[in-house]
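Subject: Structure handover

Hello,

Here is the structure we talked about, with the sequence beside it.

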Amino acid sequence: MRKSRIALLALTLAAANLAVPTGPATAEAAPVTVTVNARAGLDNVSDAAYGVNHAVWDTALGTNAVADLLKDAGTQIMRYPGGSYSDIYHWKTNTAPGGYVAPDTDFDHFMAGVQRANAQAMVIANYGTGTPEEAAEWVHYANVEKNYGVKYWEIGNELYGNGHYGSNWEADDHADKSPAGYATVVKQYAQAMKAVDPTVKIGVVLTTPGNWPDGIVAGGDAGTWNQVVLQIAGPSVDFAILHWYPGGSNGPEALSKTAQVTDAVWLARQQITKYAGKNLGIALTEINTGYGQNTQPGALFAADAYASLTAAGVFSVDWWNVHNGIGTVSTVAGHTDYGDFGMLSSANCTADGTVCQPAFNTPFGPYFGLSLASKFAPAGAQLVRAAASDPLVKTHAARKPNGDLSVLLINEDEANAKSVTLSYAGYSPATTAQVASYGNGDTAITTASGTATSVTLAPYSLTVLTLHPTAAVTGPAQPGRPVASGVTATDATLSWPAGTAGLKYEVHRQNGTITEQWGETTGTSFTVHNLTPGTRYTANVIARDGAGKVSWASPPVTFQTGTPSAAPCAVTFADVNDWGNGYVGSVDITNTGTNPIDTWNLAFTWPTAWQQVSGGWNGTWTSTGAAVRVSNADFNRTIAPGATVNVGFVGAYQGPNVLPALFTLNGALCTTR
């Protein structure tokens, strides 16, 4: 759902900084072990990974001061002209009927700031009140007349908020506001814009799995928003657009939300593959935290979110917003938080004038989270697996193109420092390391010298270790991403592009930070056997040359095994009526054996910690943690061969709703249909 976007009608200098001292840190807690495995490769960092949003109501848009700050933070891409304003904004006249447009915020001013920051642009074409012709003229002006080379173009903003599902915040003048109506016109936009410049990449608006209105089928629609949009527009576009405002009423709750990233991206990719029939890139073009937007929770969340989403293969993550304006003022972790969704201070005050922000363009916490994330894993780096023994310490690691390895450490304990010991697999670091850190209440990132194997994390802090290899290491080129095919309940074939002649390829499965070698081959495919049914696997390929030198791990492939085709039972699990954070679930249980089943118990396990059964019918439902069991009622106790009984329940979820893959009936594994 949309967060507050405060138009910056006036930007004033703020009063003195209201931060209060936090007092001395408490004693260090028990030691923490961090394990990094450089062979367990995740995704590579794109040249558009670290982004921000700019809005035409921001009087500082395109200014040198802002461009220089964004450049210093490592910003790679800037989104324009700003959220819902995009669907009322007309680029030729620099107007947004019904909204405020600040002076000197036209497209050329925006591009001047982009170029000064050595960044690129993500431009939103006006779908709500515009036309394909208007968008095509914008492409012509940008890339033919001005030679700006704008690559990424979104078609509208959150169009699912046009009233079709009840909530109406997005302008949309089209008579047909359904997902089919949007997708049909998107195809017209894509055709018109690519006719001007075939190199542009067109993005289509999707809903983020686990966020409203994901899962909802409105009256008259053939499916959910994502299903219908991808089926119609998917073949004509190049990337999918997601937005994510995960919320959270306190620090621990808000900071825990990044645990949803892997499943959310997994479900989005599943939908894209199923309904679009091809691979689309994923850009998360709006994101912010639900708590401590300007203080340390915002910094910790920003760094963790940029790293988590990039590791999952999202090619662009764009923070909302550069400037936004003061909101609800509170004290967070000993410091004044202004409830401002901007990275930089707007220098305005509360309505009663009692609280004012610091000086204009003063960086807030998320600015430093972006800065450290971009330094931790620049373009061309590859994220690799890392894990900590303490749940309050989050960690990410990345191999850099120059051979360095960096480790991002996030201490989410507000009160306690953490003493960390690090170990490495697949990488031999030199003894010394550069240490960059940003602590609670800091106004800048500090750097110092440290060691590769130990570091103390201040309470509520971000730390990046940059390590050099013990010696220069060269090896074969990184293999391309494998593709999984022929996936059954127990087998899968992985294939990848051929490298130079004479290479041997090792196929590794990731199990947390441990890599388990499945086998090796001199070919470019490998079939894995004896897999566990209904299980998600992530694997990499590593190339080894005749001298024994090894490559970086390939980008990963993730696939899920099926269930046995021949089993004594079959289960069809369906979400039949969804309302955004809950649904009616329907479960058909079929006896595929030759003998009647007399008295039965069906069991399954929720894939995530944020799913539960609220109540059920046609059986007795019980839950213990993630484990769910339903036993027969008197009237459906017996299931004859070939017969089916149905049970139902009300389910609830507070994140991506990954449906269970495995069901057992009286202890026997069923076929999942």
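What you have is a predicted model. My notes follow, by topic.

Confidence

The average pLDDT of the protein is 95, and 96% of the residues score at least 70. Residues 1-28 have a pLDDT below 50. In the model this stretch still has 75 contacts beyond near neighbours in sequence. Where pLDDT is low, the predicted coordinates should not be read in detail.

Backbone details

Two peptide bonds to look at are cis. One joins Tyr80 and Pro81, with omega about 10°. Pro81 sits in the loop between strand S3 (77-80) and helix H2 (107-116). The other runs from Trp320 to Asn321, with omega near 20°. Asn321 belongs to the loop between strand S9 (316-319) and strand S10 (330-332).

Next, look at two residues with a positive phi. Ala333 is not a glycine, yet its phi is positive, at about 50°. You will find Ala333 in the loop that lies between S10 and strand S11 (335-337). Is Ala333 buried or exposed? Its relative accessible area is 13%, which is under the 20% cut-off, so Ala333 counts as buried.

Asn361 is not a glycine either, and has a positive phi of about 75°. Its loop lies between S11 and helix H9 (365-376). Asn361 has a relative accessibility of 13%, so this residue is buried by the 20% cut-off.

A four-stranded sheet

In which order do the strands of the open sheet of four lie? The order is S23-S22-S25-S26, and the pairing is antiparallel. Strand S23 (514-521) and strand S26 (557-560) are at the edges; each has a single partner strand, so one side of each has no neighbour in the sheet. On average, neighbouring strands of this sheet are turned by 30° against each other, direction ignored.

A place to start is Val507, whose bridge partner in S23 is Gly519.

Asp72 is part of helix H1 (residues 64-72). Asp72 has a relative accessible area of 54%, which is over the 50% cut-off, so this residue counts as exposed. Which residues does Asp72 touch, leaving aside its neighbours within four places in sequence? They are Tyr367 and Lys375. For a distance to check on screen, take Asp72 and Thr224: they are 152 residues apart along the chain, and their C-alpha atoms are separated by 41 Å.

A pocket

Rolling a probe the size of a water molecule over the atoms shows where empty space is left. The second largest pocket holds about 1400 Å³ of space. Its lining is made by 40 residues. Those nearest its centre are Leu267, Lys274, Asn657, Val658 and Leu659. Which elements give two or more residues to this lining? They are helix H5 (225-233), helix H7 (261-276), strand S27 (569-578) and strand S30 (601-605). H7 gives the most, with seven residues.

Those are my notes; the file is now yours.

Regards

Technical notes
Residues numbered from 1 in each chain as written. Predicted model: local features only at pLDDT ≥ 70, side-chain atom pairs only at ≥ 80, totals over all residues. Heavy atoms only, no water. Buried < 20%, exposed > 50% of the residue type's maximum accessible area, 1.4 Å probe, protein only. Pairing = 2+ DSSP bridges. Axes fitted to C-alpha atoms, helices over the stretch in contact; angles between N-to-C directions. Contact = heavy atoms within 4.5 Å. pLDDT = per-residue confidence, 0-100. 1 Å grid on protein atoms, 1.4 Å probe; cavity = no way out; pocket = protein on both sides within 12 Å on 5 of 7 lines; lining within 4 Å. Points joined across faces, edges and corners; volume = space filled by probe spheres on them.
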